[in-house]
Amino acid sequence: MAAEVRQRRPRTRPPPQAPPEIEVELPESLPFSRIASGVPTPRSTLGSPLTSHAYRRSGVGDLAAGPRRHISLSEVELLPWLCCMAPVLCLFVNYSSVLVTSLFFPYAADMLTAALTCVTFFWIANLSVSSMLGAFKLREGCSTDWHVLLQQLPLEDREGVQHIVLLPNYKENERMLKETLENLGRSRMAQSSMRVVLAMEAREGPSGREKAARIMAEKGHLFADIFATYHPEGVPGEVAGKSSNTQWAFREALRRYGATLGKMDLSKVFLTVADADTLFHPQYFSALSYQGLLMEKEERSWTLWQSPVLLIRNLFTVPSVIRSSSHATLIFELAALANQYIFPAFAYSAYSTTLALASHPEVDGWDVDVIAEDHHMFCKCYFAALWELSHAALETKKKGGGEEPIEIVPMVEVQPIFLPAISYLVESNDGYLASLYERFQQARRHMQGVVELGYVLLQWARLSGAVGFSKIPIRTHLSISLIVIKMHMLHITSTSQCFALILAAILRVVPRIVMWVLSGGLGQLVQERLAVLGSIGHGWEGMNLAQQALVTSLGQISGVMLLYSITCTMVVSDCVEGRYHKLAKSAAPESPVRSMQRVSEEPTSATSTSEDEERTQGRPISPRSTDGLIGFELQGIFAGRRSWLWRIGLFLYIFSDTVFSGYPAMTFFAMVPVLLAGWSLFQRGTDFEYIVAAKPEFE
């Protein structure tokens with residue numbers, strides 16, 4: 001079945017059947033001209049903005065060899081198929097081991113469950129401690145006026161900084177999209193250097209185009225430019241979803257602005273991808289510019305930037321089980337960004353990079369045949385740097401001489417920007433059960449990201465085959481292995497531990513409790529409480545080593561949950577009380593607006609005279625005030641100072657979510673979806689179905 005699905009996919013990415021929306025001819029010398037045309041980039045890196053080494057590849061022989069190989073799990077070959085099946089094998093070996101030992105070998109089952117629980121304990125403990133550090137860094141980041149720091153940089157350094165924001169969306173609420181744009185317009189860089197691309201899906205039909213036109217007419221004056229793209233349906237080789245839509249929008253943006261961008265330093269052109277409901281901190285783009293400009297060009301060109309994504313806009317209106325998954329995401333994102341000494345951070349949901357990296361010949365923008373676009377983009381960029389260095393090392397070896405050999409070492413990093421990016425949790429207006437169902441559907445899509453484990457293995461295998469396994473430094477192998485371990489831990493180990501605990505409860509704990517109650521144990525507990533409590537110690541002595549290890553490991557996890565809940569309380573409280581947004585409006589003086597030439601000469605929206613006057617003064621126009629906390633208030637909760645009693649209540653609220661809803665959430669939003677994803681991967685390969693989850697509807 002998997003082989004049949006693969007045979008329907010082309011070996012290379014064909015150009016889309018639908019014509020480009022913007023007709024323009026870009027010079028072939030531009031590093032991104034082939035991306036804009038939809039043609040795969042050739043092997044040559046001639047003119048690559050990232051190549052700082054002494055060598056330059058002529059490209060003559062490489063061009064004759066054809067386009068660069070697009071490394072994808074969709075390739076019709078044995079190695080990609082084996083790598084595609086690797087996550088399936090890991091998943092079902094783990095789960096089968098737990099199931100078989102639980103049914104037939106109780107002692108081995110207890111030892112296996114204890115081992116999985118101990119590994120999970122150290123994983124959660126690391127997350128809890130690191131996320132606490134991240135919470136303090138978040139406070140520090142939000143107390144910094146990033147735009148003032150940016151303005152203090154020399155003018156020649158700030159010259160040429162541009163921002164292109166891609167907002168892929170499908171059937172999203174119009175009011176929510178307007179709020180997202182209004183929030184983007186609060187940035188001090190919005191009217192001078194921010195271009196917004198509304199990445200619509202053509203399959204929305206005429207209503208989608210009308211919606212985009214209304215949004216641009218109402219909010220277009222907030223930005224240097226705004227336009228909409230309409231990703232066509234049914235393009236060969238594509239999987240419908242955020243990644244393919246983002247690539248279409250990226251290509252159209254290059255066509256619209258390419259003539260001007262080609263004259264700029266591409267490492268100073270920042271690309272930001274966000275979901276339709278993401279509310280960036282108003283100083284995010286200033287912080288992004290400032291941090292990027294502090295780097296050398298080479299380092300900046302190999303960097304992605306990430307804000308902690310907080311799924312808390314409607315935290316207090318969703319069911320407890322959904323809310324507990326928000327706490328887990330908060331802990332995971334903060335910890336990943338605050339502590340990268342062991343595991344690297346991945347791009348997630350809303351992130352930024354440079355046009356230099358996105359247009360690099362080894363990257364070519366976003367892949368159109370994947371679902372988990374954020375993690376995949378990080379892995380793709382990570383290996384792009386290794387491939388670039390491998391090409392450089394090969395050229396150096398061919399030339400000979402006394403040149404210093406080039407080490408193939410990791411160069412791509414995710415740099416944290418500790419300013420919150422706030423989004424919605426899944427919620428349906430049809431009630432409690434409907435919200436749970438929609439969250440389950442979203443979890444199915446998220447868990448399809450397990451296939452990225454296979455993608456990393458494929459890249460690793462291809463690189464090792466091309467260069468030689470022993471010629472790649474040990475620290476590079478270690479770095480890649482940590483990416484693999486993190487993905488395995490996230491999708492397989494943690495869910496296997498949950499499965500093991502469920503089986504232990506069903507097969508051993510619950511039957512013993514029932515027998516104890518039926519034998520009069522409950523009445524004895526009421527009548528002889530001290531004697532029963534004393535018998536607990538004798539019960540411990542009566543356990544075998546495996547059972548004692550299991551009980552001990554479970555006790556450790558319960559203690560970590562306390563720190564876990566304290567961190568979540570800090571972050572939610574800081575958000576509600578407005579601590580994160582005190583410097584939402586910079587104290588830096590206003591600067592005049594400068595525009596960038598674009599291909600389209602037609603205005604995107606009409607503005608009144610008064611709006612034009614305010615626009616030249618650099619102030620965004622909005623029916624709402626941009627000085628307060630508009631757009632950052634949690635749904636149903638008014639922002640403002642709270643008492644210690646309220647904070648204690650919030651902690652108990654979050655702690656109860658974690659204790660009582662944590663494992664149910666893990667079961668239905670992680671364990672079951674990852675099993676479904678594994679089965680789908682086994683049957684259909686990477687031909688996943690993209691699932692869109694519901695968000696709160698506005699009146």
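Strand β6 (residues 303–306) directs Thr303 and Trp305 to one side and Leu304 and Gln306 to the other, and all are buried. Here a strand is a DSSP run of E with at least two residues, a helix a run of H or I with at least four, both numbered from the N terminus; buried means under 20% relative accessible area, exposed over 50%, and partly exposed in between, with a 1.4 Å probe and protein chains only. In a regular strand the side chains alternate between the two faces of the sheet.

The model is predicted, so local features need pLDDT of at least 70 and side-chain atom pairs pLDDT 80 or more, while totals for chains, interfaces and linings use all residues. Residues are numbered from 1 along each chain as its sequence is written, and side-chain values use heavy atoms, without hydrogens and water.

β6 has two neighbours to consider. With strand β9 (residues 413–416) it runs parallel, joined by four bridges, and Thr303 has Glu413 as its bridge partner there. With strand β8 (residues 351–354) the pairing is antiparallel, over two bridges, and Trp305 stands opposite Ser352. Strands count as paired if DSSP finds at least two bridges between them.

The protein as a whole has 24 helices and 10 strands, and 57% of its 699 residues are buried.

The structure also holds 17 aromatic pairs. Rings of Phe, Tyr and Trp (its six-membered ring) pair if their centres lie within 6.5 Å; planes under 30 degrees apart are stacked, over 60 edge-to-face, and the rest tilted. Trp123 and Phe343 have ring centres 5.7 Å apart and planes at 70°, so this pair is edge-to-face. The pair links distant parts of the chain, 220 residues apart: Trp123 is in helix α5 (residues 106–142), and Phe343 is in the loop between α14 (320–338) and β8. Trp123 is buried because its relative accessibility is 10%; Phe343, at 18%, is buried too.

Trp679 and Phe682 form a tilted pair, at 5.7 Å centre to centre and 35° between the planes. They are three residues apart in helix α24 (residues 644–684), so about one helical turn separates them. Trp679 is partly exposed at 46% relative accessible area, and Phe682 is partly exposed at 43%.

Ring pairs also link Phe346, Phe378, Tyr382 and Phe383 into a cluster. Lys486 lies over the face of Phe346, 4.4 Å from the ring centre. The charged end of Arg642 sits over the ring of Trp646, 5.1 Å from its centre. A charge sits over a ring if NZ of Lys or CZ of Arg is within 6 Å of the ring centre and within 35 degrees of the ring normal.
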